[in-house]
Amino acid sequence: MGNTGKQKVVIVGGGIAGLSAGIYALRSGFDAAIYEKNAIPGGECIGWNRKGFHIDNCIHWLTGTKKGTELYDVWKTVGALSDETEYAKIDSFYTSTYRGKSVTLWNDLKRTEEELIQASPEDEAEIRKFIQHVEYSKQCFFPISKPMEMWGIKDYISMGKNMMDMPKVMKEFGKISLEEYSKRYKSPLLQKMICDYLPKEYTAYSFLVSYATVVIGNGNVPMGASLQMSLRMEKRFKELGGQIFYNTGVEKIVLEKKHASGITLEGGEFVPADYVIPAIDSYPLFNKLLPQKYMPKELRAAYSSPRKYPVTSGFQIAFAVDKSFVANETVFVDIDELKIGNHTFDRMYIKYYGYDPLFVHDGKQVIQTCITQTDSDFDYWKSLSKDEYKKVKEELVLEIQKRIISRFPELEESIEFLDCWTPLTYERYCNAYHGSYMSFITTPEAKQLRLKGRVKGIDNLYLAGQWTMSPGGLPVAVASGKFAMQRLLKSQKRDINI
């Protein structure tokens, strides 16, 4: 990097959080270097090619696409989005089918209300309450101007004014799971719809907020895939003068008394640093890079209570099918029971990607599905030998392909297997705890995890990454990189408005 006279920030991990931290470090006048164990940026916000097709691993909807929101401004600052960004023309959240009937959660709430009532007149009162609380949930925006421990009374007053109806949502839906909430409906179809998209253990308000985000245009899908967004952030980082070292794993963070003096790479090289920002999964951070005694007590409690703080992964498959196949973007269907991991499933979804030319090749388009996997499912996958693992995947691919054809017989002639991946893929590629692609699920039993970004006993280390706040995801990741730098700047008594 050369001796520029600037203080040096060393970042572990080149995912969304690490790139964000690097960009904000450079904007704040520091030198910044990222060390990434893989060959490309993005962490879990990536995709790859198989048989000439692009497979996307991440974005189903991106929170923060609405101009004028704080999160949009951050995505713009880090180069992920711009005012010219095009978004997929998708007019619904998803469709649920059951026993020949279907309902869709449209971006148009009035249309959704009418369709749901028509499908289940006996649930009219509950449906109207649902729609009303989705309206209230439109006010829920992710505050990202600065970390909450830096808020003053004016910030809380402002949030209260802007989100004045959110307490109604939290009162009604903040303490029940989606599974409990679904039982308020008489219609089996609507019960399925409530539990289809997010894991049934999630708090019900999470579902309402997710749907509201899409309804108001703050949860669009950028054209081009997840990897392209990560590459745009990498480009911004490099343009500002940052260096990123790929295929360079980190062995440990070197501590001298209460100070992180730098990092040791897996090849043995020592890299000195004035500040260190680990932007990786918190489990390997506190079980490999740092001694476990530094793990914050909130994290320790979460890891020791997997029932209260579950994580989510998936068994995922991508196929190519004829380009003429058109469905609503995501459709949930009944299937013959299928055991995957330690659980048996009678529902799955088909997500089609034909809305974006990137996923179309040689007259075909990509479709994908993800079967939710849990902590215990991870243990199942982990228990398999290499040969067993390969065999189980091959068998599941055939079984799922059979179920897709059963539901969509028109695909029988064109369907072609592209790739499949499991919780172990996320563990191998991202060192992800139990293969989770997000942080801990927000359940009614558990407090929302929110780390303050500092590690007790180390004075120049700042945490970033989606594990700093449940339930994780891209907004938490990009915010955490900014927050890490704001905390650093505050320690230097400098302006945190970056």
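Helix H1 and helix H10 (residues 226–239) pack at an angle of about 25°, with axes 9 Å apart. That makes H1 roughly parallel to H10, because angles under 35 degrees count as roughly parallel. This is a predicted model, in which local features need pLDDT of at least 70, side-chain atom pairs count only at pLDDT 80 or more, and totals for chains, interfaces and linings use all residues. Residues are numbered from 1 along each chain as its sequence is written, and side-chain values use heavy atoms, leaving out hydrogens and water.

**The helix pair**

- H1 passes H10 in a left-handed crossing (the near helix is turned anticlockwise from the far one by less than a right angle).
- On the H1 side, the contact (heavy atoms within 4.5 Å) is made by Ile16, Leu19, Ser20, Gly22, Ile23 and Leu26.
- On the H10 side, Ser230, Met233, Glu234, Arg236 and Phe237 take part.
- These contact residues divide into 6 nonpolar, 3 polar and 2 charged.
- Here Ala, Val, Leu, Ile, Met, Phe, Trp, Tyr, Cys and Pro count as nonpolar, Asp, Glu, Lys and Arg as charged, and the others, Gly among them, as polar.
- Axes are lines fitted to C-alpha atoms, for helices over the stretch in contact, and angles run from 0 to 180 degrees between N-to-C directions.

**The parallel sheet**

- Strands of a sheet pair through backbone hydrogen bonds, either parallel or antiparallel.
- An open sheet of 4 strands has the order S7-S2-S1-S11, with parallel pairing (two strands pair if DSSP finds at least two bridges between them).
- Its edge strands are S7 (243–245) and S11 (275–278), each pairing on one side only.
- Neighbouring strands are turned by 20° against each other on average, direction ignored.
- H1 (residues 16–27) packs on this sheet, touching S1, S2 (31–35), S7 and S11.
- The direction of H1 makes about 165° with that of S2.

**The antiparallel sheet**

- Another open sheet has 3 strands in the order S8-S9-S10, with antiparallel pairing.
- S8 (250–256) and S10 (270–272) are its edge strands.
- The twist averages 30° from one strand to the next.
- S8 and S9 (residues 259–265) pair over 6 bridges, and Lys252 stands opposite Thr264 in S9.

**Salt bridges**

- The structure holds 26 salt bridges (a side-chain nitrogen of Lys or Arg within 4 Å of a carboxyl oxygen of Asp or Glu).
- In one of them, Glu179 and Lys200 have their closest N and O atoms 3.8 Å apart.
- Glu179 lies in helix H7 (residues 178–182) and Lys200 in the loop between H8 (188–196) and H9 (204–215), so the pair ties together parts 21 residues apart in sequence.
- Helices (H or I, at least four residues) and strands (E, at least two) are DSSP runs, numbered from the N terminus.

Key:
Parallel < 35°, antiparallel > 145°, perpendicular 65-115°, else oblique.
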